[in-house]
Amino acid sequence: MNCFYHPSVPAVGVCKYCQRGLCPECAAVVDDVLACKGRHEDEVRQLEQLTARNLFQSRRAGSVYMRNATFYGLVGAAFAGFGLWQLKWLGLQAGLFIALGVFLLYAAIANYLEGRKYK
Ligand SMILES: [Zn+2]
Ligand SMILES: [Zn+2]
(Lines give C-alpha, C1' and ligand atoms only; values in the text may rest on other atoms or scores of the structure.)
(Ligands and ions follow the chains in the order given, each with its own letter.)
Protein backbone atom coordinates (compact mmCIF):
# COMPACT_ATOMS: atom_id res chain seq x y z
CA MET A 1 0.00 0.00 0.00
CA ASN A 2 1.19 3.49 -0.82
CA CYS A 3 0.43 6.88 0.69
CA PHE A 4 -2.96 8.21 -0.40
CA TYR A 5 -1.55 11.72 -0.83
CA HIS A 6 1.77 10.60 -2.40
CA PRO A 7 0.99 7.53 -4.59
CA SER A 8 4.69 6.82 -5.18
CA VAL A 9 5.66 6.71 -1.48
CA PRO A 10 5.06 3.52 0.57
CA ALA A 11 2.62 3.94 3.45
CA VAL A 12 3.74 3.33 7.04
CA GLY A 13 0.18 3.02 8.36
CA VAL A 14 -3.44 4.06 7.89
CA CYS A 15 -5.44 6.97 9.24
CA LYS A 16 -7.81 5.73 11.95
CA TYR A 17 -10.54 8.06 10.69
CA CYS A 18 -10.52 7.53 6.90
CA GLN A 19 -8.45 4.30 6.65
CA ARG A 20 -6.22 5.78 3.92
CA GLY A 21 -2.55 4.91 3.65
CA LEU A 22 -0.09 7.45 5.02
CA CYS A 23 3.64 7.99 4.43
CA PRO A 24 5.84 9.27 7.29
CA GLU A 25 5.39 12.81 5.98
CA CYS A 26 1.55 12.66 6.04
CA ALA A 27 1.12 10.69 9.25
CA ALA A 28 0.39 12.48 12.51
CA VAL A 29 0.45 10.51 15.77
CA VAL A 30 -2.60 11.18 17.93
CA ASP A 31 -2.85 9.23 21.21
CA ASP A 32 -0.77 6.31 19.82
CA VAL A 33 -2.76 6.01 16.57
CA LEU A 34 -2.19 7.54 13.13
CA ALA A 35 -4.17 10.33 11.50
CA CYS A 36 -3.88 12.34 8.27
CA LYS A 37 -1.65 15.24 9.24
CA GLY A 38 -3.60 18.51 9.20
CA ARG A 39 -6.79 16.76 7.98
CA HIS A 40 -8.12 14.22 10.45
CA GLU A 41 -6.10 14.88 13.60
CA ASP A 42 -9.11 16.37 15.44
CA GLU A 43 -11.46 13.61 14.24
CA VAL A 44 -9.11 10.87 15.42
CA ARG A 45 -8.65 12.61 18.77
CA GLN A 46 -12.45 12.65 19.17
CA LEU A 47 -12.71 8.98 18.19
CA GLU A 48 -10.07 8.09 20.78
CA GLN A 49 -11.81 10.10 23.49
CA LEU A 50 -15.09 8.36 22.68
CA THR A 51 -13.46 4.93 23.04
CA ALA A 52 -11.82 5.92 26.31
CA ARG A 53 -15.14 7.19 27.67
CA ASN A 54 -16.94 3.97 26.68
CA LEU A 55 -14.34 1.89 28.50
CA PHE A 56 -14.76 4.05 31.58
CA GLN A 57 -18.55 3.76 31.45
CA SER A 58 -18.60 -0.01 31.05
CA ARG A 59 -16.22 -0.33 34.00
CA ARG A 60 -18.62 1.78 36.06
CA ALA A 61 -21.62 -0.30 34.90
CA GLY A 62 -19.72 -3.40 36.01
CA SER A 63 -19.29 -2.06 39.54
CA VAL A 64 -23.00 -1.13 39.68
CA TYR A 65 -23.90 -4.75 38.86
CA MET A 66 -21.55 -5.97 41.56
CA ARG A 67 -23.12 -3.60 44.10
CA ASN A 68 -26.61 -4.79 43.12
CA ALA A 69 -25.47 -8.39 43.41
CA THR A 70 -24.22 -7.78 46.96
CA PHE A 71 -27.43 -5.96 47.91
CA TYR A 72 -29.80 -8.57 46.43
CA GLY A 73 -27.69 -11.32 47.91
CA LEU A 74 -27.85 -9.90 51.46
CA VAL A 75 -31.56 -9.07 51.32
CA GLY A 76 -32.37 -12.39 49.64
CA ALA A 77 -30.42 -14.34 52.29
CA ALA A 78 -32.21 -12.37 55.03
CA PHE A 79 -35.67 -13.10 53.57
CA ALA A 80 -34.91 -16.77 52.97
CA GLY A 81 -33.39 -17.12 56.44
CA PHE A 82 -36.37 -15.40 58.07
CA GLY A 83 -38.77 -17.61 56.13
CA LEU A 84 -36.97 -20.81 57.14
CA TRP A 85 -36.85 -19.64 60.76
CA GLN A 86 -40.60 -18.81 60.79
CA LEU A 87 -41.65 -21.85 58.75
CA LYS A 88 -42.91 -23.72 61.83
CA TRP A 89 -45.16 -20.87 62.97
CA LEU A 90 -46.22 -19.11 59.78
CA GLY A 91 -46.52 -22.04 57.41
CA LEU A 92 -47.55 -20.84 53.95
CA GLN A 93 -46.66 -17.19 54.67
CA ALA A 94 -43.10 -18.23 55.51
CA GLY A 95 -43.02 -19.96 52.15
CA LEU A 96 -43.62 -16.58 50.50
CA PHE A 97 -40.59 -15.14 52.32
CA ILE A 98 -38.49 -18.09 51.18
CA ALA A 99 -39.71 -17.70 47.60
CA LEU A 100 -38.89 -13.97 47.67
CA GLY A 101 -35.49 -14.74 49.16
CA VAL A 102 -34.72 -17.30 46.47
CA PHE A 103 -35.85 -14.84 43.79
CA LEU A 104 -33.53 -12.15 45.19
CA LEU A 105 -30.64 -14.61 45.38
CA TYR A 106 -31.30 -15.48 41.76
CA ALA A 107 -31.23 -11.75 40.89
CA ALA A 108 -27.95 -11.45 42.80
CA ILE A 109 -26.38 -14.25 40.76
CA ALA A 110 -27.68 -12.75 37.50
CA ASN A 111 -26.19 -9.35 38.43
CA TYR A 112 -22.93 -10.95 39.47
CA LEU A 113 -22.60 -12.79 36.14
CA GLU A 114 -23.50 -9.61 34.23
CA GLY A 115 -20.95 -7.59 36.21
CA ARG A 116 -18.20 -10.10 35.46
CA LYS A 117 -18.57 -9.44 31.71
CA TYR A 118 -17.15 -5.95 32.21
CA LYS A 119 -13.90 -7.06 33.81
ZN1 LIG B 1 2.25 11.14 1.97
ZN1 LIG C 1 -7.61 10.57 7.41
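Predicted model: local features only at pLDDT ≥ 70, side-chain atom pairs only at ≥ 80, totals over all residues.

Colleague: How is the protein chain divided into domains?

Modeller: Domain 1 covers residues 1-40, and domain 2 covers 52-116.

Colleague: And how far apart do the C-alpha centres of the two domains lie?

Modeller: The C-alpha centres of domain 1 and domain 2 are 52 Å apart.

Colleague: Turning to the helices, at what angle do H1 and H2 pack?

Modeller: H1, residues 41-90, and H2, residues 92-116, pack at an angle of about 160°. Their axes are 7 Å apart.

Colleague: Are they roughly parallel or antiparallel?

Modeller: Roughly antiparallel, because an angle over 145 degrees counts as such, and H1 and H2 therefore fall in that class.

Colleague: Is the crossing left-handed or right-handed?

Modeller: H1 and H2 cross in a left-handed manner. The contact of H1 with H2 comprises 22 nonpolar, 11 polar and 1 charged residues.

Colleague: Now the backbone. What is the phi of Asp 31?

Modeller: Asp 31 has a positive phi of about 45°, although the residue is not a glycine. Most residues other than glycine have a negative phi.

Colleague: Where does Asp 31 lie?

Modeller: Asp 31 is in the loop that runs between strand S3 (27-30) and strand S4 (33-36).

Colleague: What about the phi of Asp 32?

Modeller: Asp 32 also has a positive phi, near 75°, and is a residue other than glycine. Asp 32 lies in the loop between S3 and S4.

Colleague: Is Asp 32 buried or exposed?

Modeller: Asp 32 counts as exposed, because 6 C-beta neighbours lie inside 10 Å and the class takes residues with 12 or fewer. Asp 31 has 13 other C-beta atoms within 10 Å and is partly exposed.

Colleague: One more residue, Cys 18. Where does it lie?

Modeller: Cys 18 is in the loop between strand S1 (13-14) and strand S2 (21-22). Cys 18 is partly exposed, with 14 other C-beta atoms within 10 Å.

Colleague: Which residues is Cys 18 in contact with, leaving aside neighbours within four places in sequence?

Modeller: On that basis, Cys 18 is in contact with Cys 36 and His 40.

Colleague: And what separates Cys 18 from Gln 93?

Modeller: Along the chain, Cys 18 and Gln 93 are 75 residues apart. Their C-alpha atoms are separated by 65 Å.

Conventions. Residues numbered from 1 in each chain as written. Chains lettered and ligands numbered in written order. Helix = DSSP H or I, 4+ residues; strand = E, 2+ residues; numbered from the N terminus. Buried ≥ 20, exposed ≤ 12 C-beta atoms within 10 Å, placed from the backbone. Axes fitted to C-alpha atoms, helices over the stretch in contact; angles between N-to-C directions. Parallel < 35°, antiparallel > 145°, perpendicular 65-115°, else oblique. Left-handed = near helix turned anticlockwise from the far one by under 90°. Nonpolar A, V, L, I, M, F, W, Y, C, P; charged D, E, K, R; others polar. Domains from an automatic or database assignment. Contact = placed C-beta atoms within 7 Å.
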